[in-house]
Amino acid sequence: MFETLKAIEFGPFILSFKLAFITTSILFVISLPLSWYLSQTKSRMKPFLEAITALPIVLPPSVLGFYILWVLSYNSPIGAFFENTLGIKLVFNFYGLVIASCFYSLPFMVQPLQSGFESISKNMIEASYICGKGKIKTLLKVALPNIKPALLTAIIVTFAHTVGEFGVVLMVGGSIPGETKVASVAIYEMVEIMDYKTAHIYSAIMVIISFLVLLSVYIFNGRSNKKFGI
């Protein structure tokens, strides 16, 4: 057992955490204004935008991965532009993983933030506007500090969901050691070659990480609810 532990390569986990950190950071910047808009707008386009945002939850990872792979490949205008103009290949490398992860994890960032913004009293938002604060200041100075539980949930769940991705990252990135071979793909390969001991260890690490992530979210939210008397 100890010999197996010594032989474990932690590269896939480091790559998974790197991918999750970058994806979460990008999605936070994108999702903050998007979720704020969705929580405040009364436009007829709102259901359409919400459906588009939530689509990765219900789509099979193979379907989403296939279309992302096609869009990023050299055969598509986008993939051809990046490769010919900028010299960047978007498939089977880390860039492709980041793009695919942003699409796949988008609803896990947007939905908690939107729910948090929608829970804020309308009177508080209106008072901010009356005091002369614009939409950006109201978002950053008034709304955001009042949704700390939702904010933490969005960040942690998005991070954990990205760490656990499999289908989409496998289709878009493949399994290139040190480049696209994340932890979930490494577990799949261990099972394929019937190296069950290593697969058990990798899987146990993932279970522990997922449990600690969820536990931290519930503890923080529980303390926040007690603080505000909810």
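This is a short walk through one protein structure, from its overall build down to a few single residues.

Hello everyone. A word on the ground rules: this is a predicted model, where local features need pLDDT of at least 70, side-chain atom pairs count only at pLDDT 80 or more, and totals for chains, interfaces and linings use all residues. Residues are numbered from 1 along each chain as its sequence is written, and side-chain values use heavy atoms, leaving out hydrogens and water.

Let's begin with the whole protein. What does its secondary structure come to? There are 12 helices and zero strands. Helices here are DSSP runs of H or I with at least four residues, strands are runs of E with at least two, and the numbering starts at the N terminus. Along the principal axes, the C-alpha atoms fill a box of roughly 65 × 45 × 30 Å.

How much of the protein is buried? Of its 230 residues, 40% count as buried. Buried means under 20% relative accessible area, exposed means over 50%, and partly exposed is in between, with a 1.4 Å probe and protein chains only. The accessible surface, by the Shrake-Rupley method with a 1.4 Å probe, comes to about 13400 Å², and 70% of that belongs to carbon and sulfur atoms.

Now the contacts, meaning heavy atoms within 4.5 Å. Among those in the protein with a separation of 6 or more, 74% are between residues 24 or more positions apart.

On to the charges. Counting Lys and Arg as positive and Asp and Glu as negative, without His or the chain ends, the protein has 17 positive and 11 negative side chains. The centres of the two sets lie 19 Å apart, with each charge placed at NZ of Lys, CZ of Arg, CG of Asp or CD of Glu.

How many aromatic pairs does a search of the whole structure find? Seven. Rings of Phe, Tyr and Trp (its six-membered ring) pair if their centres lie within 6.5 Å; planes under 30 degrees apart count as stacked, over 60 as edge-to-face, and the rest as tilted.

Take Phe17 and Phe159. Their ring centres are 6.3 Å apart and their planes are at 10 degrees, so this pair is stacked. Phe17 sits in helix H2 (residues 11–40) and Phe159 in helix H9 (residues 148–163), so the pair links parts of the chain 142 residues apart. Both are partly exposed: Phe17 at 30% relative accessibility, Phe159 at 25%.

Phe81 and Phe82 give another picture. Their ring centres are 5.8 Å apart with planes at 90 degrees, so the pair is edge-to-face. Phe81 is partly exposed at 45%, and Phe82 is partly exposed at 28%. There is also an aromatic cluster made of Phe10, Phe13 and Tyr202.

Finally, two loops. Most residues other than glycine have a negative phi. Phe92, in the loop between helix H5 (77–86) and helix H6 (94–118), has a positive phi near 60 degrees. Phe92 is partly exposed, at 40%.

Is Met194 buried or exposed? At 61% relative accessibility, Met194 counts as exposed. Its phi is also positive, near 60 degrees, and its place is in the loop between H11 and helix H12 (196–227). In helix H11 (residues 183–192) itself, the buried residues include Val185, Ile187 and Met190.
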